[in-house]
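Please open the model in your viewer and keep the selection tool at hand.

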Amino acid sequence: MESGDNGAFHPLDEKSLVEYIKSTPVLVARLGGEAELDRLTIKEVGDGNLNFVYIVTSPKGSFVAKQALPYVRCVGDSWPMTRDRAHFEALILKEHGRLCPEHTPEVYHFDRSMSMIGMRYLEPPHIILRKGLIAGIEYPLLAQHMSDYMAKTLFFTSLLYHSTADHKKAVAEFCGNVEMCRLTEQVVFSDPYRISNINRWTSPYLDQDAKSVREDDELKVQIAELKSMFCERAQALIHGDLHTGSVMVTTDSTQVIDPEFGFYAPMGFDIGAFLGNLVLSYFSQEGHATETNDRKAYKDWILNTIEETWSQFEKKFLSLWDLHKNGNGEAYLPDIYNNPEVLHMAQKKYMNNLFHDSLGFGAAKMIRRIVGIAHVEDFESIKDESRRAICERRAVNFGKLLLKERQKFDTIGQVITAIKERSVQ
């Protein structure tokens with residue numbers, strides 16, 4: 001449900017959240033009724049950069065309350081931030097939940113005036129995927145689940161399924177998420193390639209590496225092309241921040257959270273974000289190796305997961321295309337692409353372009369996590385800075401190679417080979 005106005009916006013603390021819940025019947029029902037309200041446990045768990053997140057539990061139910069603040073939480077009110085992101089996050093959770101309910105947590109309640117979402121609590125043993133990767137835990141169904149999520153959410157919001165009229169209407173609905181898009185434009189496509197007071201890196205070890213990113217003309221030409229594509233191309237409704245910190249997992253469950261950066265954009269931005277963060281995890285593993293666990297087997301598992309995620313995504317995406325080729329989608333009209341040969345040619349070109357887009361965006365996401373503002377725990381948790389810097393240097397060098405030479409890779413297997421080669425340099 002969506003609520004219009006429970007009064008003027010104010011940040012919720014544990015006490016005021018209880019009062020808010022009492023005035024919201026759908027949330028009371030989720031906790032097992034009014035009789036349970038005196039037995040609530042509320043825990044603030046927002047470890048991200050932007051929002052308050054509370055886990056609310058009673059003996060008979062639970063939910064997560066997520067509230068967007070009018071500023072960047074990790075910086076403070078000196079960096080204003082639109083609260084409208086909560087509106088778009090709720091919309092995307094509902095739409096992606098409709099298309100892929102197996103891997104999207106259910107939204108129970110949204111209050112636009114309070115920028116507050118009430119949604120399913122992903123109970124233990126669910127943990128953030130990034131933390132699982134740092135701990136060296138294998139998730140045998142991860143590639144299967146994430147390829148499923150990406151194939152469904154991207155295909156069913158594209159012109160392969162939509163009519164052009166429906167597509168334009170959907171694009172217009174999400175155009176308002178402009179501030180979050182601008183933040184991505186700045187921190188992914190601009191700041192790492194210039195001197196910015198918000199950039200940081202493992203100094204002094206990576207001072208020269210950061211400088212080399214800023215002074216690489218070919219890299220700048222390539223990132224400009226990707227930035228233009230990100231800003232201009234309304235290909236599908238993307239999550240917009242699909243890194244390993246936006247996925248919660250157990251060995252048999254995968255749930256995608258936090259789509260507040262989402263809008264209609266290139267599909268490859270989501271695919272690249274996920275794969276690129278797996279590559280970052282791969283390059284970090286040496287920093288987590290011990291005398292009793294060299295992490296070599298785990299690194300092989302990560303590479304296999306990267307390969308399987310793309311391979312299964314491609315297979316599932318094409319299967320959906322074949323299934324719906326005579327539907328409402330107007331990109332490839334059935335009376336034109338009316339024999340298997342021409343359709344196969346069109347599909348091959350489409351997937352080849354999408355593969356290269358994904359590699360480029362994945363590379364951009366890797367580079368920004370090493371020399372930009374927001375880093376990843378995969379590297380940050382390596383306490384020895386010189387050891388961390390070795391891992392980060394290998395990752396940023398691979399990111400630069402991938403960004404500049406992505407068109408030279410024909411298969412995901414070739415990418416895996418290149419990762420292996422760079423992991424010992």
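A cavity here is a set of points, on a 1 Å grid over the protein atoms alone, where a 1.4 Å probe fits but cannot get out, and its lining residues have an atom within 4 Å of a point. This is a predicted model, in which local features need pLDDT of at least 70, side-chain atom pairs count only at pLDDT 80 or more, and totals for chains, interfaces and linings use all residues. Residues are numbered from 1 along each chain as its sequence is written, and side-chain values use heavy atoms, with hydrogens and water left out.

Begin by selecting L159, L160, W321, H324, K325, G327, G329, A331 and Y332, the lining of the second largest cavity, whose volume is about 60 Å³ (the space filled by probe spheres set on the points, which are joined across faces, edges and corners). Five of these lining residues are nonpolar, three are polar and one is charged; Ala, Val, Leu, Ile, Met, Phe, Trp, Tyr, Cys and Pro count as nonpolar, Asp, Glu, Lys and Arg as charged, and the others, Gly among them, as polar.

Next, select L275, G276, V279, I306, S358, L359, G362, A363, M366, L402, I412 and V415, which line the largest cavity, with a volume of about 80 Å³. The elements that give two or more residues to this lining are α10 (267–288), α12 (340–371) and α15 (412–422), helices being DSSP runs of H or I with at least four residues, numbered from the N terminus.

Now turn to the second largest pocket, of about 270 Å³, a pocket being an open set of points with protein on both sides within 12 Å along at least five of seven lines. Of its 13 lining residues, E314, K348, M351, N352 and D410 are the closest to its centre, and α12 again supplies the largest share of the lining, six residues.

Finally, select F274, I306, F313, F317, F398 and I419, which touch the most other members among the 100 residues of the largest nonpolar core, that is, a set of buried Ala, Val, Leu, Ile, Met, Phe, Trp, Tyr and Cys residues joined through side-chain atoms within 4.5 Å, where buried means under 20% relative accessible area with a 1.4 Å probe, protein chains only. Centre the view on F398: leaving aside neighbours within four places in sequence, F398 is in contact (heavy atoms within 4.5 Å) with V279, F283, M366, V415, A418, I419 and R422.

Note on methods
Buried means under 20% relative accessible area, exposed over 50%, partly exposed in between (1.4 Å probe, protein chains only).
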